Amino acid sequence: MARPRVKCAPEHVLVFDLDDTLYLERDYVLSGLGAVGAWARERLGLVEYGNFLRRKFEAGARTQLFDDCLRDLDIDPTPSLVGRMLAVYRQHRPIIELAPDAANFLTNIAPHIAIGVITDGYLDAQRRKIRALDLYRRGVSLGICTDRWGRAHWKPDRRAFLHMQEYFGLANRCFTYVADNPVKDFIAPKALGWHTIRIVRPGRIDHADHPARHCDAQRVIENLGEL
Ligand SMILES: [Mg+2]
């Protein structure tokens, strides 16, 4: 395995989740819905479809958006049509930006700290987000999209966390995972003896709706300036 490219040997590795940790996921969703809206306008002549999608999302809808907005326009949401829209959504080039505190944090990293990213989600989409946020040029040494090993290895699976440990070759106590979702984010790093921090960004998409599986971090912050 290649050694990490960092300024000097790191003593600690700060590993971040991506969505709603380094940037607001709602910005990605709106960017994707805009791309699907443009596609529907050009390919299907559905001028209002993009606005329907955006309004439904803003009103709180989180699933079946494509289907429901097609039905609103009296169009049958066939699996093939919805599948094409999902592909446009996941393969669009996202217009997203780091949260200001995240951008500021990454420009002021101490030399003995290395930065990693572990993110869930469809491989294509997550890779495009990492590219859009220019994370490798902003000091991230290793970004792991868990989907590279398939859905079974999305969080809370440990594989990405073990891979991160092996890559940097440091003891488990030298790692901290910063993420937003207590349903799945902290189970593996806590079991492996990492430090854990939950970030609660205003404007995040709320996932805390499965209290039975809730596993919280050791510390809670509202922005990365608090680190
Ligand atoms: Mg997240």
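Across the whole structure, a search finds 11 salt bridges, a salt bridge being a side-chain nitrogen of Lys or Arg within 4 Å of a carboxyl oxygen of Asp or Glu. This is a predicted model, in which local features need pLDDT of at least 70 and side-chain atom pairs count only at pLDDT 80 or more, while totals for chains, interfaces and linings use all residues. Residues are numbered from 1 along each chain as its sequence is written, and side-chain values use heavy atoms, with hydrogens and water left out.

Select Arg-26 and Glu-58 to begin. Their side chains form a salt bridge at 3.3 Å, N to O. Arg-26 belongs to helix α1 (residues 25-44) and Glu-58 to helix α2 (residues 49-58), so the pair links distant parts of the chain, 32 residues apart; helices (H or I, at least four residues) and strands (E, at least two) are DSSP runs, numbered from the N terminus. Arg-26 counts as partly exposed because its relative accessibility is 26%, and Glu-58 does so at 43%. Here buried means under 20% relative accessible area, exposed over 50%, and partly exposed in between (1.4 Å probe, protein chains only).

Next, select Lys-155 and Asp-185. What is the distance between the closest N and O atoms of Lys-155 and Asp-185? These atoms are 2.9 Å apart, in a salt bridge. Lys-155 lies in the loop between β3 (140-145) and α7 (159-168), and Asp-185 in the loop between β4 (175-179) and α8 (187-191), so the pair ties together parts that are 30 residues apart in sequence. Both Lys-155 and Asp-185 are buried.
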